[in-house]
Amino acid sequence: MADQNELEKQAEQVKKVSKTGLLPCPFCGSIELSGITIPVPRADEKEKKFHFIQCEHCFCTGPNRFEMKEARHLWQTRAEEA
Ligand SMILES: [Zn+2]
């Protein structure tokens, strides 16, 4: 039964997803996701930082926001739509 492997793979994925709390990449389905933080490249916004979620597999990124919470939320929304 080929389907059995597929089910096990999915179960494994759900387990990993629940660890990071993020849905799999909408483009490649990878659950190797990282939260990236970069400083805003503007002198007048020194205190601000961008946060976004990046897929470690295909290197696509989610929308960036000043709050990681918001960036994560947007990633989830995007992954659900795909
Ligand atoms: Zn990906």
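T61 is placed in the loop between β2 and α2, where helices (H or I, at least four residues) and strands (E, at least two) are DSSP runs numbered from the N terminus. The structure is a predicted model, in which local features need pLDDT of at least 70 and side-chain atom pairs count only at pLDDT 80 or more, whereas totals for chains, interfaces and linings use all residues. Residues are numbered from 1 along each chain as its sequence is written. With 14 C-beta neighbours inside 10 Å, T61 counts as partly exposed; in this scheme a residue is buried if 20 or more other C-beta atoms lie within 10 Å of its own, exposed if 12 or fewer, and partly exposed in between, the C-beta atoms being placed from the backbone. When residues up to four places away in sequence are not counted, T61 touches F52, I53 and Q54, a contact being defined as two C-beta atoms, placed from the backbone, that lie within 7 Å. The C-alpha atoms of T61 and L33 are separated by 9.4 Å, although these residues stand 28 residues apart along the chain.

Leaving aside neighbours within four places in sequence, G62 is in contact with F52, I53, A71, L74, W75 and R78, and its C-alpha atom is separated by 9.9 Å from that of T77, 15 residues apart along the chain. F59 lies in the loop between β2 and α2 as well, but with 10 C-beta neighbours inside 10 Å it counts as exposed. F59 has a positive phi of about 65° although it is not a glycine. Most residues other than glycine have a negative phi.

Helix α2 comprises 14 residues (residues 68-81), which at 1.5 Å a residue should span 20 Å, and its end C-alpha atoms are 20 Å apart, in agreement with that expectation; the expected span is 1.5 Å times one less than the number of residues in the helix. The buried residues of α2 are A71, R72 and W75. They cover an arc of only 100° around the axis, and therefore lie on the same side of α2, the arc being that of the directions from the helix axis to the C-beta atoms. On the other side of α2, K69, T77, E80 and E81 are exposed. For K69, the assignment as exposed rests on 10 C-beta neighbours inside 10 Å, and the C-alpha atoms of K69 and H51, 18 residues apart along the chain, are separated by 8.6 Å.

What covers the buried residues of α2 includes β2 (49-55). A71, with neighbours within four places in sequence left aside, is in contact with H51, F52, I53, G62, P63, N64 and R65. The largest nonpolar core has nine residues, namely L22, C25, I31, L33, F52, I53, C55, A71 and W75; such a core is a set of buried Ala, Val, Leu, Ile, Met, Phe, Trp, Tyr and Cys residues joined through C-beta atoms within 7 Å. β2 and α2 each supply at least two residues of this core, and β2 gives the most, with three residues. In soluble globular proteins, nonpolar side chains tend to be buried together. C55, a member of this core, is 26 residues from G29 in sequence and 9.2 Å from G29 in space, C-alpha to C-alpha. G29 itself lies in the loop between α1 and β1 (33-39) and, with 14 C-beta neighbours inside 10 Å, counts as partly exposed.

Taken as a whole, the protein contains two helices and two strands, which follow the pattern α-β-β-α along the sequence. Buried residues make up 13% of the 82 residues. Among contacts between residues at least 6 apart in sequence, 32% join residues at least 24 apart. The protein averages a pLDDT of 85, and 85% of the residues score at least 70, pLDDT being the predictor's confidence in each residue, from 0 to 100. Among the elements, helix α1 (residues 2-20) has the lowest mean pLDDT (74) and β2 the highest (94).
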